[in-house]
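Please keep the sequence and the structure in view while reading.

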Amino acid sequence: MKYILAVILLVSQNLFAQQTSTTDKKTAAALKETINYLSDDRLEGRRTGSAGEKLAYTYIEKKFRSAGIKPLKPRITYIQPFDVNDGKEIGKQTSFLLNGSPQELNRHYFPFPWSANISNFKFTEESTNVEYYDLTALLAENENNPHFDYTENIIAYAKQAAGRGIKLVIVKHFPTAKNFSFDPKDKNATLSIPVIYMFPRDRVPYQQLPPGAKTGSELTVAIAEKKRIGHNVIGYIDNKAPHTIILGAHYDHLGYGEDHNSLYAGKDRMIHNGADDNASGTAALIELGKWLKISRNKNYNYILAAFSGEELGLYGSKYFSENSGIDLNKVNYMINMDMVGRLNETTKGLTIGGFGTSPTWGQLISNNDPYFKINTDSSGTGPSDHTSFYRKGIPVLFFFTGSHSDYHKPGDDADKINYAGELQIIRYIQNIISKTDKMNKLSFTKTREVAMGKSSFKVSLGIMPDYTYNGSGVLVDGVSDARPAQKAGIKTGDVLFQIGEHKFNDVRSYMDALNKFNKGESTEVKLKRGKEDLTLPVTF
(Lines give C-alpha, C1' and ligand atoms only; values in the text may rest on other atoms or scores of the structure.)
Protein backbone atom coordinates (compact mmCIF):
# COMPACT_ATOMS: atom_id res chain seq x y z
CA MET A 1 0.00 0.00 0.00
CA LYS A 2 2.85 2.39 0.86
CA TYR A 3 4.42 1.57 -2.51
CA ILE A 4 1.16 2.43 -4.33
CA LEU A 5 0.83 5.73 -2.40
CA ALA A 6 4.43 6.60 -3.21
CA VAL A 7 3.85 5.93 -6.91
CA ILE A 8 0.66 8.07 -6.88
CA LEU A 9 2.54 10.91 -5.12
CA LEU A 10 5.42 10.72 -7.60
CA VAL A 11 3.04 10.79 -10.58
CA SER A 12 1.18 13.78 -9.08
CA GLN A 13 4.44 15.66 -8.52
CA ASN A 14 5.57 14.95 -12.09
CA LEU A 15 2.24 16.11 -13.50
CA PHE A 16 2.41 19.31 -11.43
CA ALA A 17 5.98 19.93 -12.58
CA GLN A 18 4.96 19.41 -16.20
CA GLN A 19 1.98 21.76 -15.83
CA THR A 20 4.16 24.38 -14.17
CA SER A 21 6.79 24.03 -16.88
CA THR A 22 4.14 24.40 -19.60
CA THR A 23 2.66 27.46 -17.88
CA ASP A 24 6.10 29.05 -17.53
CA LYS A 25 6.86 28.48 -21.20
CA LYS A 26 3.56 30.09 -22.21
CA THR A 27 4.16 33.05 -19.93
CA ALA A 28 7.73 33.52 -21.17
CA ALA A 29 6.51 33.38 -24.78
CA ALA A 30 3.79 35.94 -24.01
CA LEU A 31 6.35 38.24 -22.36
CA LYS A 32 8.53 38.02 -25.44
CA GLU A 33 5.61 38.75 -27.78
CA THR A 34 4.55 41.85 -25.83
CA ILE A 35 8.06 43.26 -25.36
CA ASN A 36 8.93 42.67 -29.00
CA TYR A 37 5.76 44.43 -30.14
CA LEU A 38 6.04 47.42 -27.82
CA SER A 39 9.73 47.96 -28.59
CA ASP A 40 9.38 47.55 -32.35
CA ASP A 41 10.61 50.46 -34.51
CA ARG A 42 7.14 51.06 -35.92
CA LEU A 43 6.00 52.34 -32.50
CA GLU A 44 8.79 54.94 -32.73
CA GLY A 45 9.62 54.88 -29.05
CA ARG A 46 6.06 55.23 -27.64
CA ARG A 47 6.43 58.94 -26.89
CA THR A 48 3.47 60.25 -24.91
CA GLY A 49 0.81 61.68 -27.21
CA SER A 50 2.31 60.16 -30.36
CA ALA A 51 0.98 57.73 -32.96
CA GLY A 52 3.31 55.13 -31.44
CA GLU A 53 1.70 55.63 -28.05
CA LYS A 54 -1.69 54.93 -29.66
CA LEU A 55 -0.43 51.67 -31.17
CA ALA A 56 0.85 50.70 -27.72
CA TYR A 57 -2.30 51.51 -25.75
CA THR A 58 -4.48 49.81 -28.36
CA TYR A 59 -2.37 46.66 -27.98
CA ILE A 60 -2.57 46.74 -24.15
CA GLU A 61 -6.34 47.29 -24.29
CA LYS A 62 -6.73 44.22 -26.55
CA LYS A 63 -4.68 42.13 -24.14
CA PHE A 64 -6.85 43.21 -21.19
CA ARG A 65 -10.01 42.53 -23.15
CA SER A 66 -8.90 39.06 -24.30
CA ALA A 67 -8.03 38.12 -20.69
CA GLY A 68 -11.52 39.07 -19.53
CA ILE A 69 -10.27 42.12 -17.65
CA LYS A 70 -12.98 44.80 -17.74
CA PRO A 71 -12.75 48.60 -17.77
CA LEU A 72 -12.73 50.25 -14.35
CA LYS A 73 -16.17 51.72 -14.91
CA PRO A 74 -18.91 49.62 -16.60
CA ARG A 75 -19.58 50.56 -20.24
CA ILE A 76 -16.68 53.05 -20.19
CA THR A 77 -13.50 52.70 -22.23
CA TYR A 78 -10.24 51.34 -20.81
CA ILE A 79 -8.49 54.50 -22.01
CA GLN A 80 -8.07 57.45 -19.64
CA PRO A 81 -6.83 60.57 -21.47
CA PHE A 82 -4.95 63.32 -19.65
CA ASP A 83 -3.30 66.61 -20.59
CA VAL A 84 0.46 66.98 -20.78
CA ASN A 85 1.86 70.48 -20.51
CA ASP A 86 4.12 70.84 -23.53
CA GLY A 87 5.33 74.38 -23.03
CA LYS A 88 4.07 77.34 -25.05
CA GLU A 89 3.24 78.03 -28.66
CA ILE A 90 2.56 81.06 -30.85
CA GLY A 91 -1.15 81.19 -31.66
CA LYS A 92 -2.44 81.52 -35.21
CA GLN A 93 -3.93 84.92 -34.40
CA THR A 94 -0.44 86.42 -34.02
CA SER A 95 0.24 88.95 -36.78
CA PHE A 96 2.41 91.98 -37.39
CA LEU A 97 1.91 94.78 -39.89
CA LEU A 98 5.00 97.02 -39.77
CA ASN A 99 4.69 100.40 -41.44
CA GLY A 100 2.03 99.00 -43.72
CA SER A 101 4.08 95.90 -44.65
CA PRO A 102 3.00 92.40 -43.47
CA GLN A 103 5.76 90.60 -41.54
CA GLU A 104 6.30 86.84 -41.73
CA LEU A 105 6.32 85.05 -38.37
CA ASN A 106 9.68 83.36 -37.54
CA ARG A 107 11.27 84.93 -40.61
CA HIS A 108 10.88 88.60 -39.90
CA TYR A 109 9.82 88.55 -36.24
CA PHE A 110 8.51 86.45 -33.33
CA PRO A 111 7.10 87.23 -29.88
CA PHE A 112 9.08 85.96 -26.90
CA PRO A 113 7.32 83.18 -24.93
CA TRP A 114 7.04 85.42 -21.87
CA SER A 115 5.51 88.27 -23.90
CA ALA A 116 2.10 89.55 -22.85
CA ASN A 117 -0.71 88.95 -25.30
CA ILE A 118 -2.19 91.92 -27.10
CA SER A 119 -4.80 92.41 -29.80
CA ASN A 120 -4.72 94.94 -32.64
CA PHE A 121 -2.23 97.26 -30.97
CA LYS A 122 -1.70 100.21 -33.34
CA PHE A 123 1.38 102.44 -33.40
CA THR A 124 3.55 104.54 -35.73
CA GLU A 125 7.21 105.61 -35.74
CA GLU A 126 6.15 108.67 -33.76
CA SER A 127 4.48 106.67 -30.96
CA THR A 128 6.09 107.43 -27.62
CA ASN A 129 4.77 104.27 -25.93
CA VAL A 130 6.90 101.94 -28.10
CA GLU A 131 10.62 101.37 -27.58
CA TYR A 132 13.23 99.67 -29.74
CA TYR A 133 15.86 97.88 -27.64
CA ASP A 134 19.09 97.53 -29.66
CA LEU A 135 21.25 94.64 -28.43
CA THR A 136 24.08 95.08 -30.96
CA ALA A 137 26.70 96.52 -28.60
CA LEU A 138 25.68 94.31 -25.67
CA LEU A 139 25.93 91.11 -27.68
CA ALA A 140 29.31 92.09 -29.09
CA GLU A 141 30.59 92.92 -25.62
CA ASN A 142 29.44 89.53 -24.22
CA GLU A 143 30.21 87.38 -27.26
CA ASN A 144 32.65 85.21 -25.27
CA ASN A 145 30.95 85.52 -21.89
CA PRO A 146 29.31 82.16 -21.02
CA HIS A 147 27.54 83.72 -18.04
CA PHE A 148 25.70 86.38 -20.03
CA ASP A 149 21.97 85.62 -20.17
CA TYR A 150 20.34 87.66 -22.92
CA THR A 151 16.87 86.51 -21.88
CA GLU A 152 17.34 87.80 -18.36
CA ASN A 153 18.70 91.06 -19.77
CA ILE A 154 15.73 91.62 -22.11
CA ILE A 155 13.20 90.77 -19.38
CA ALA A 156 14.83 93.26 -16.99
CA TYR A 157 14.78 95.96 -19.69
CA ALA A 158 11.12 95.25 -20.53
CA LYS A 159 10.09 95.46 -16.88
CA GLN A 160 11.79 98.82 -16.55
CA ALA A 161 10.17 100.00 -19.76
CA ALA A 162 6.73 98.95 -18.54
CA GLY A 163 7.34 100.97 -15.39
CA ARG A 164 7.89 104.03 -17.60
CA GLY A 165 4.56 103.52 -19.34
CA ILE A 166 5.91 101.75 -22.45
CA LYS A 167 3.31 99.46 -24.08
CA LEU A 168 5.56 97.50 -26.49
CA VAL A 169 9.28 96.65 -26.70
CA ILE A 170 10.79 95.62 -30.04
CA VAL A 171 14.18 93.94 -29.66
CA LYS A 172 16.61 94.31 -32.56
CA HIS A 173 20.31 93.97 -33.37
CA PHE A 174 22.65 93.97 -36.34
CA PRO A 175 23.79 90.51 -37.48
CA THR A 176 25.92 88.62 -34.95
CA ALA A 177 26.64 85.00 -34.17
CA LYS A 178 23.63 84.91 -31.83
CA ASN A 179 20.63 83.03 -33.21
CA PHE A 180 17.36 84.04 -31.61
CA SER A 181 14.32 81.76 -31.71
CA PHE A 182 11.08 81.08 -29.88
CA ASP A 183 11.71 78.67 -26.99
CA PRO A 184 8.51 76.69 -26.25
CA LYS A 185 9.99 75.29 -23.01
CA ASP A 186 10.78 78.71 -21.52
CA LYS A 187 9.10 79.02 -18.12
CA ASN A 188 9.76 82.67 -17.34
CA ALA A 189 6.71 84.44 -15.97
CA THR A 190 4.58 86.39 -18.45
CA LEU A 191 5.34 90.11 -18.55
CA SER A 192 2.79 92.92 -18.43
CA ILE A 193 3.64 94.15 -21.95
CA PRO A 194 4.37 92.42 -25.29
CA VAL A 195 7.99 91.99 -26.33
CA ILE A 196 8.88 90.91 -29.86
CA TYR A 197 12.11 90.25 -31.73
CA MET A 198 12.87 91.63 -35.20
CA PHE A 199 15.31 89.61 -37.33
CA PRO A 200 18.10 91.64 -38.97
CA ARG A 201 17.72 92.19 -42.74
CA ASP A 202 20.69 93.35 -44.78
CA ARG A 203 22.17 94.99 -41.67
CA VAL A 204 18.92 96.95 -41.22
CA PRO A 205 16.82 95.50 -38.40
CA TYR A 206 13.53 96.98 -39.62
CA GLN A 207 12.19 99.28 -42.34
CA GLN A 208 12.21 102.76 -40.86
CA LEU A 209 10.03 105.41 -42.37
CA PRO A 210 11.21 108.96 -42.82
CA PRO A 211 10.57 111.20 -39.81
CA GLY A 212 6.95 112.27 -39.62
CA ALA A 213 5.60 109.38 -41.69
CA LYS A 214 2.06 108.44 -40.65
CA THR A 215 1.82 104.91 -42.04
CA GLY A 216 0.60 102.71 -39.19
CA SER A 217 1.81 99.47 -37.67
CA GLU A 218 -0.40 96.93 -35.96
CA LEU A 219 0.50 93.99 -33.70
CA THR A 220 -1.44 91.04 -32.33
CA VAL A 221 0.35 88.59 -30.02
CA ALA A 222 -1.31 85.35 -28.93
CA ILE A 223 0.94 83.12 -26.81
CA ALA A 224 -0.91 79.99 -25.67
CA GLU A 225 -0.20 77.00 -23.48
CA LYS A 226 0.74 74.05 -25.66
CA LYS A 227 -0.68 70.67 -24.67
CA ARG A 228 -0.66 67.12 -25.91
CA ILE A 229 -2.82 64.24 -24.77
CA GLY A 230 -1.46 61.18 -23.00
CA HIS A 231 -3.44 57.99 -22.39
CA ASN A 232 -3.52 55.59 -19.45
CA VAL A 233 -4.94 52.09 -19.95
CA ILE A 234 -6.95 50.98 -16.90
CA GLY A 235 -8.30 47.46 -16.42
CA TYR A 236 -10.31 46.10 -13.48
CA ILE A 237 -10.97 42.73 -11.90
CA ASP A 238 -14.06 43.09 -9.71
CA ASN A 239 -14.20 40.42 -7.02
CA LYS A 240 -16.92 42.33 -5.11
CA ALA A 241 -14.40 42.89 -2.33
CA PRO A 242 -14.33 45.92 0.00
CA HIS A 243 -10.72 46.80 -0.85
CA THR A 244 -8.57 46.99 -3.99
CA ILE A 245 -4.96 46.34 -4.96
CA ILE A 246 -3.34 48.36 -7.78
CA LEU A 247 -0.69 46.89 -10.07
CA GLY A 248 1.00 49.37 -12.37
CA ALA A 249 3.69 49.90 -14.99
CA HIS A 250 4.35 52.73 -17.42
CA TYR A 251 4.37 51.89 -21.11
CA ASP A 252 5.56 55.21 -22.59
CA HIS A 253 9.16 55.88 -23.57
CA LEU A 254 11.27 58.63 -25.18
CA GLY A 255 10.33 58.52 -28.87
CA TYR A 256 13.31 60.04 -30.69
CA GLY A 257 14.39 61.93 -27.57
CA GLU A 258 12.41 65.07 -28.49
CA ASP A 259 11.73 65.92 -24.84
CA HIS A 260 15.47 66.19 -24.05
CA ASN A 261 15.38 63.21 -21.66
CA SER A 262 17.71 61.00 -23.75
CA LEU A 263 21.28 60.17 -22.72
CA TYR A 264 22.22 59.44 -26.34
CA ALA A 265 25.19 61.58 -27.41
CA GLY A 266 25.12 60.84 -31.15
CA LYS A 267 24.00 63.28 -33.82
CA ASP A 268 21.78 60.94 -35.87
CA ARG A 269 18.07 60.89 -35.10
CA MET A 270 17.45 57.53 -33.40
CA ILE A 271 14.40 55.69 -32.08
CA HIS A 272 14.51 54.88 -28.36
CA ASN A 273 12.63 51.56 -28.21
CA GLY A 274 12.63 51.15 -24.42
CA ALA A 275 12.41 47.35 -24.23
CA ASP A 276 13.49 47.28 -20.59
CA ASP A 277 12.17 50.79 -19.89
CA ASN A 278 9.39 49.90 -19.73
CA ALA A 279 7.99 47.38 -22.16
CA SER A 280 9.29 44.82 -19.64
CA GLY A 281 7.12 46.14 -16.80
CA THR A 282 4.10 46.48 -19.10
CA ALA A 283 4.46 42.87 -20.24
CA ALA A 284 4.68 41.74 -16.60
CA LEU A 285 1.54 43.74 -15.80
CA ILE A 286 -0.41 42.02 -18.59
CA GLU A 287 0.70 38.54 -17.46
CA LEU A 288 -0.16 39.28 -13.83
CA GLY A 289 -3.60 40.43 -14.99
CA LYS A 290 -4.15 37.15 -16.85
CA TRP A 291 -3.08 35.18 -13.78
CA LEU A 292 -5.25 37.19 -11.37
CA LYS A 293 -8.31 36.68 -13.56
CA ILE A 294 -8.16 32.91 -13.07
CA SER A 295 -6.45 32.69 -9.67
CA ARG A 296 -8.07 31.91 -6.31
CA ASN A 297 -7.12 35.31 -4.91
CA LYS A 298 -10.62 36.78 -4.54
CA ASN A 299 -10.47 38.74 -1.29
CA TYR A 300 -9.42 41.93 -3.08
CA ASN A 301 -10.35 43.67 -6.31
CA TYR A 302 -7.51 44.43 -8.71
CA ILE A 303 -6.74 47.46 -10.88
CA LEU A 304 -4.28 46.90 -13.72
CA ALA A 305 -2.88 50.32 -14.70
CA ALA A 306 -0.61 50.92 -17.70
CA PHE A 307 0.52 54.53 -17.36
CA SER A 308 1.80 56.98 -19.95
CA GLY A 309 3.66 60.22 -19.28
CA GLU A 310 6.02 58.66 -16.73
CA GLU A 311 9.09 59.74 -18.66
CA LEU A 312 7.87 63.35 -18.57
CA GLY A 313 7.38 63.38 -14.81
CA LEU A 314 4.75 60.84 -13.65
CA TYR A 315 1.93 62.59 -15.53
CA GLY A 316 -0.25 59.51 -16.04
CA SER A 317 0.00 58.00 -12.56
CA LYS A 318 -0.42 61.40 -10.91
CA TYR A 319 -3.54 62.04 -12.99
CA PHE A 320 -4.98 58.61 -12.21
CA SER A 321 -4.28 58.95 -8.47
CA GLU A 322 -6.31 62.16 -8.50
CA ASN A 323 -9.01 61.15 -11.00
CA SER A 324 -9.55 57.39 -10.57
CA GLY A 325 -13.12 57.73 -9.36
CA ILE A 326 -12.42 55.24 -6.57
CA ASP A 327 -11.98 55.83 -2.86
CA LEU A 328 -8.21 55.70 -2.31
CA ASN A 329 -8.83 54.87 1.35
CA LYS A 330 -10.08 51.51 0.08
CA VAL A 331 -6.81 50.76 -1.74
CA ASN A 332 -4.73 48.15 0.10
CA TYR A 333 -1.41 48.71 -1.67
CA MET A 334 0.19 49.43 -5.04
CA ILE A 335 2.91 47.42 -6.82
CA ASN A 336 4.93 49.17 -9.54
CA MET A 337 7.13 47.40 -12.07
CA ASP A 338 9.63 49.57 -13.93
CA MET A 339 12.65 48.07 -15.72
CA VAL A 340 12.32 44.44 -14.66
CA GLY A 341 13.79 42.92 -17.81
CA ARG A 342 17.54 42.99 -17.30
CA LEU A 343 18.09 40.62 -14.34
CA ASN A 344 21.81 39.86 -14.18
CA GLU A 345 22.21 36.07 -14.40
CA THR A 346 25.35 36.16 -12.29
CA THR A 347 24.31 38.42 -9.42
CA LYS A 348 20.51 38.02 -9.73
CA GLY A 349 20.19 41.42 -8.06
CA LEU A 350 16.63 42.67 -7.55
CA THR A 351 15.86 46.01 -5.91
CA ILE A 352 12.53 46.30 -4.10
CA GLY A 353 11.62 49.86 -3.16
CA GLY A 354 8.86 50.95 -0.78
CA PHE A 355 9.94 48.36 1.80
CA GLY A 356 9.33 50.82 4.63
CA THR A 357 5.83 51.91 3.56
CA SER A 358 4.15 49.14 5.58
CA PRO A 359 5.41 46.94 8.43
CA THR A 360 3.85 43.98 6.59
CA TRP A 361 6.51 44.12 3.86
CA GLY A 362 9.15 43.08 6.41
CA GLN A 363 7.15 39.90 7.08
CA LEU A 364 6.93 38.98 3.39
CA ILE A 365 10.26 40.10 1.90
CA SER A 366 13.55 38.60 3.03
CA ASN A 367 17.05 39.64 2.02
CA ASN A 368 18.00 35.97 2.21
CA ASP A 369 15.97 34.86 -0.79
CA PRO A 370 17.09 31.51 -2.30
CA TYR A 371 17.00 32.86 -5.88
CA PHE A 372 17.37 36.65 -5.87
CA LYS A 373 19.95 38.81 -4.20
CA ILE A 374 17.42 41.30 -2.87
CA ASN A 375 18.29 44.88 -2.05
CA THR A 376 15.49 46.65 -0.20
CA ASP A 377 14.96 50.40 -0.22
CA SER A 378 12.65 51.73 2.46
CA SER A 379 11.58 54.93 0.67
CA GLY A 380 8.12 55.16 -0.87
CA THR A 381 9.26 57.72 -3.42
CA GLY A 382 11.61 57.66 -6.37
CA PRO A 383 11.74 58.17 -10.13
CA SER A 384 8.70 56.05 -11.01
CA ASP A 385 4.93 55.80 -10.70
CA HIS A 386 4.66 54.29 -7.20
CA THR A 387 5.53 57.77 -5.93
CA SER A 388 2.09 59.07 -6.98
CA PHE A 389 0.39 56.51 -4.73
CA TYR A 390 2.75 56.77 -1.79
CA ARG A 391 1.88 60.47 -1.68
CA LYS A 392 -1.76 59.46 -1.22
CA GLY A 393 -0.91 57.43 1.88
CA ILE A 394 -0.90 54.03 0.13
CA PRO A 395 1.73 51.33 0.86
CA VAL A 396 3.82 50.64 -2.25
CA LEU A 397 6.41 48.25 -3.65
CA PHE A 398 8.69 49.06 -6.57
CA PHE A 399 10.41 46.25 -8.51
CA PHE A 400 13.56 47.12 -10.49
CA THR A 401 16.44 45.01 -11.88
CA GLY A 402 18.85 47.93 -12.09
CA SER A 403 20.15 50.47 -14.56
CA HIS A 404 22.48 49.65 -17.46
CA SER A 405 24.50 51.24 -20.25
CA ASP A 406 21.45 51.30 -22.58
CA TYR A 407 19.32 53.31 -20.15
CA HIS A 408 17.55 56.12 -22.06
CA LYS A 409 19.54 55.29 -25.17
CA PRO A 410 18.60 53.74 -28.55
CA GLY A 411 20.25 50.43 -27.56
CA ASP A 412 17.51 49.38 -25.11
CA ASP A 413 16.18 46.62 -27.40
CA ALA A 414 14.21 43.40 -26.94
CA ASP A 415 17.11 41.07 -27.71
CA LYS A 416 18.75 42.11 -24.44
CA ILE A 417 15.85 41.12 -22.19
CA ASN A 418 16.29 38.26 -19.72
CA TYR A 419 12.88 36.61 -20.13
CA ALA A 420 13.58 33.78 -17.69
CA GLY A 421 14.65 36.31 -15.07
CA GLU A 422 11.54 38.44 -15.62
CA LEU A 423 9.39 35.32 -15.26
CA GLN A 424 10.94 34.71 -11.83
CA ILE A 425 10.09 38.27 -10.80
CA ILE A 426 6.47 37.72 -11.84
CA ARG A 427 6.37 34.53 -9.73
CA TYR A 428 7.81 36.48 -6.80
CA ILE A 429 5.07 39.14 -7.11
CA GLN A 430 2.41 36.45 -7.42
CA ASN A 431 3.62 34.99 -4.13
CA ILE A 432 3.29 38.37 -2.38
CA ILE A 433 -0.22 38.84 -3.78
CA SER A 434 -1.30 35.33 -2.69
CA LYS A 435 0.01 35.88 0.83
CA THR A 436 -1.65 39.29 1.24
CA ASP A 437 -4.92 37.84 -0.08
CA LYS A 438 -5.26 36.12 3.29
CA MET A 439 -4.42 39.28 5.26
CA ASN A 440 -6.37 42.33 6.33
CA LYS A 441 -5.73 45.72 4.73
CA LEU A 442 -2.10 46.78 5.25
CA SER A 443 -1.18 49.71 7.48
CA PHE A 444 0.75 52.61 5.95
CA THR A 445 4.05 54.00 7.21
CA LYS A 446 5.54 57.30 6.08
CA THR A 447 9.17 57.07 4.92
CA ARG A 448 11.96 59.40 3.87
CA GLU A 449 11.61 60.94 0.43
CA VAL A 450 14.27 60.60 -2.25
CA ALA A 451 14.97 62.63 -5.38
CA MET A 452 13.14 61.88 -8.62
CA GLY A 453 16.29 61.29 -10.62
CA LYS A 454 20.01 60.67 -10.46
CA SER A 455 21.98 63.57 -9.09
CA SER A 456 25.34 64.49 -7.65
CA PHE A 457 24.08 67.39 -5.54
CA LYS A 458 26.36 68.63 -2.81
CA VAL A 459 23.26 69.74 -0.87
CA SER A 460 19.53 69.11 -0.89
CA LEU A 461 16.54 71.07 0.38
CA GLY A 462 14.53 67.93 0.98
CA ILE A 463 11.58 68.70 -1.27
CA MET A 464 9.83 66.67 -3.96
CA PRO A 465 9.16 68.92 -6.99
CA ASP A 466 5.95 68.52 -8.97
CA TYR A 467 7.36 67.68 -12.39
CA THR A 468 3.98 68.27 -14.04
CA TYR A 469 3.87 71.93 -12.93
CA ASN A 470 3.90 74.26 -15.94
CA GLY A 471 4.23 77.60 -14.18
CA SER A 472 7.36 79.57 -13.43
CA GLY A 473 9.38 78.22 -10.51
CA VAL A 474 9.27 74.87 -8.71
CA LEU A 475 6.03 73.67 -7.10
CA VAL A 476 6.67 71.74 -3.88
CA ASP A 477 4.79 68.43 -3.96
CA GLY A 478 6.25 67.02 -0.76
CA VAL A 479 8.57 67.99 2.11
CA SER A 480 10.84 65.48 3.86
CA ASP A 481 10.94 65.36 7.65
CA ALA A 482 13.91 66.93 9.45
CA ARG A 483 15.46 68.26 6.23
CA PRO A 484 16.44 71.91 5.47
CA ALA A 485 13.13 72.73 3.74
CA GLN A 486 10.99 71.58 6.64
CA LYS A 487 13.23 73.34 9.17
CA ALA A 488 12.96 76.54 7.10
CA GLY A 489 9.16 76.36 7.08
CA ILE A 490 8.68 75.44 3.41
CA LYS A 491 5.34 73.70 2.83
CA THR A 492 3.71 71.53 0.19
CA GLY A 493 2.09 73.87 -2.34
CA ASP A 494 4.76 76.56 -2.12
CA VAL A 495 6.35 77.72 -5.38
CA LEU A 496 10.10 78.32 -5.04
CA PHE A 497 11.81 80.74 -7.43
CA GLN A 498 15.13 81.81 -5.87
CA ILE A 499 17.87 80.42 -3.61
CA GLY A 500 20.31 83.07 -2.46
CA GLU A 501 21.05 85.23 -5.49
CA HIS A 502 20.23 82.42 -7.92
CA LYS A 503 16.84 82.69 -9.61
CA PHE A 504 15.27 79.71 -11.36
CA ASN A 505 12.06 79.06 -13.29
CA ASP A 506 11.95 75.27 -13.62
CA VAL A 507 13.32 72.07 -12.07
CA ARG A 508 16.44 72.04 -14.23
CA SER A 509 17.51 75.57 -13.30
CA TYR A 510 16.57 74.81 -9.65
CA MET A 511 19.06 71.93 -9.71
CA ASP A 512 21.69 74.25 -11.14
CA ALA A 513 21.04 76.68 -8.28
CA LEU A 514 21.38 73.93 -5.65
CA ASN A 515 24.82 73.02 -6.94
CA LYS A 516 26.06 76.53 -6.10
CA PHE A 517 25.95 75.69 -2.38
CA ASN A 518 27.91 73.48 0.02
CA LYS A 519 26.81 71.56 3.08
CA GLY A 520 26.59 73.79 6.16
CA GLU A 521 26.08 77.04 4.22
CA SER A 522 23.16 79.31 5.05
CA THR A 523 21.17 81.45 2.64
CA GLU A 524 17.59 82.51 1.88
CA VAL A 525 14.87 80.89 -0.18
CA LYS A 526 12.30 83.05 -1.93
CA LEU A 527 8.91 81.55 -2.63
CA LYS A 528 5.28 82.28 -3.33
CA ARG A 529 2.63 80.90 -0.97
CA GLY A 530 -0.74 81.62 -2.47
CA LYS A 531 -0.60 85.34 -3.30
CA GLU A 532 2.06 86.07 -0.70
CA ASP A 533 5.80 86.35 -1.44
CA LEU A 534 7.97 84.99 1.39
CA THR A 535 11.69 84.92 2.12
CA LEU A 536 12.80 82.15 4.49
CA PRO A 537 16.28 81.51 5.96
CA VAL A 538 17.65 78.04 5.22
CA THR A 539 20.76 76.09 6.20
CA PHE A 540 21.93 73.16 4.10
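A crossing of two helices is called right-handed if the near helix is turned clockwise from the far one by less than a right angle, and left-handed if the turn is anticlockwise. That term is needed for the helix pair described below. The model is predicted.

**Helices H5 and H9**

Helix H5 covers residues 275-294 and helix H9 covers residues 419-436; the two pack with their axes 10 Å apart and at an angle of about 45°. H5 is therefore oblique to H9, since angles from 65 to 115 degrees would count as roughly perpendicular and those under 35 as roughly parallel. The crossing of H5 and H9 is right-handed. On the H5 side, the contact is made by Ser280, Ala283, Ala284, Glu287, Leu288, Trp291 and Leu292. On the H9 side, it is made by Glu422, Ile426, Ile429, Gln430, Ile433 and Ser434. Sorted by type, the residues of this contact between H5 and H9 are 8 nonpolar, 3 polar and 2 charged.

H5 also contains Asn278. The peptide bond between Asp277 and Asn278 is cis, with omega at about 0°.

**The sheet E4-E3-E10-E6**

Strands of a sheet pair through backbone hydrogen bonds, either parallel or antiparallel. In the open sheet of 4 strands with the order E4-E3-E10-E6, the pairing is antiparallel. Its edge strands are E4 and E6 (118-123), each of which pairs on one side only.

| Strand pair | Sense | Bridges |
|---|---|---|
| E3 (residues 95-98) and E4 (residues 101-102) | antiparallel | 2 bridges |
| E3 and E10 (residues 217-221) | antiparallel | 3 bridges |
| E6 and E10 | antiparallel | 4 bridges |

Leu98 stands opposite Ser101 in E4, and Ser95 has Thr220 of E10 as its bridge partner. Phe123 is bridged to Ser217, also in E10.

E3 and E4 form a hairpin with 2 residues between the strands, in which Asn99 takes a positive phi near 50°.

Which residues of E3 are on its covered face, and which on its uncovered face? Phe96 and Leu98 make up the covered face, while Ser95 and Leu97 make up the uncovered one. In a regular strand the side chains alternate between the two faces of the sheet.

**The sheet E5-E9-E8-E7**

Another open sheet of 4 strands has the order E5-E9-E8-E7, and its pairing is mixed. The edge strands are E5 (109-111) and E7 (130-134), each pairing on one side only. On average, neighbouring strands of this sheet are turned by 25° against each other, direction ignored.

Within this sheet, E8 (residues 168-172) and E9 (residues 195-198) run parallel and are joined by 3 bridges. Val171 has Tyr197 in E9 as its bridge partner. Helix H4 (residues 150-163) lies across E7, E8 and E9, and runs at about 155° to E7.

Is Lys63 buried or exposed? Lys63 has a relative accessible area of 18%, and buried means under 20%, so this lysine counts as buried. The residue is part of helix H2 (residues 51-66). Apart from its neighbours within four places in sequence, Lys63 is in contact with Glu33, Thr34 and Ile286.

**Positive phi in two loops**

Lys240 has a phi near 60°, a positive value in a residue other than glycine. Its place is the loop between strand E11 (223-237) and strand E12 (244-250). For Met339, phi is near 65°, again a positive value in a residue other than glycine. Met339 lies in the loop between strand E14 (331-337) and strand E15 (349-353).

How do the two residues stand in terms of accessibility, buried or exposed? Lys240 is exposed, because its relative accessible area of 71% is over the 50% cut-off. Met339 has a relative accessibility of 4% and therefore counts as buried.

Terms used. Residues are numbered from 1 along each chain as its sequence is written. This is a predicted model: local features need pLDDT of at least 70, side-chain atom pairs count only at pLDDT 80 or more; totals for chains, interfaces and linings use all residues. Side-chain values use heavy atoms; hydrogens and water are left out. Buried means under 20% relative accessible area, exposed over 50%, partly exposed in between (1.4 Å probe, protein chains only). Contact means heavy atoms within 4.5 Å. Two strands pair if DSSP finds at least two bridges between them. Axes are lines fitted to C-alpha atoms, for helices over the stretch in contact, and angles run from 0 to 180 degrees between N-to-C directions. Angles under 35 degrees count as roughly parallel, over 145 as roughly antiparallel, 65 to 115 as roughly perpendicular and the rest as oblique. Ala, Val, Leu, Ile, Met, Phe, Trp, Tyr, Cys and Pro count as nonpolar, Asp, Glu, Lys and Arg as charged, and the others, Gly among them, as polar.
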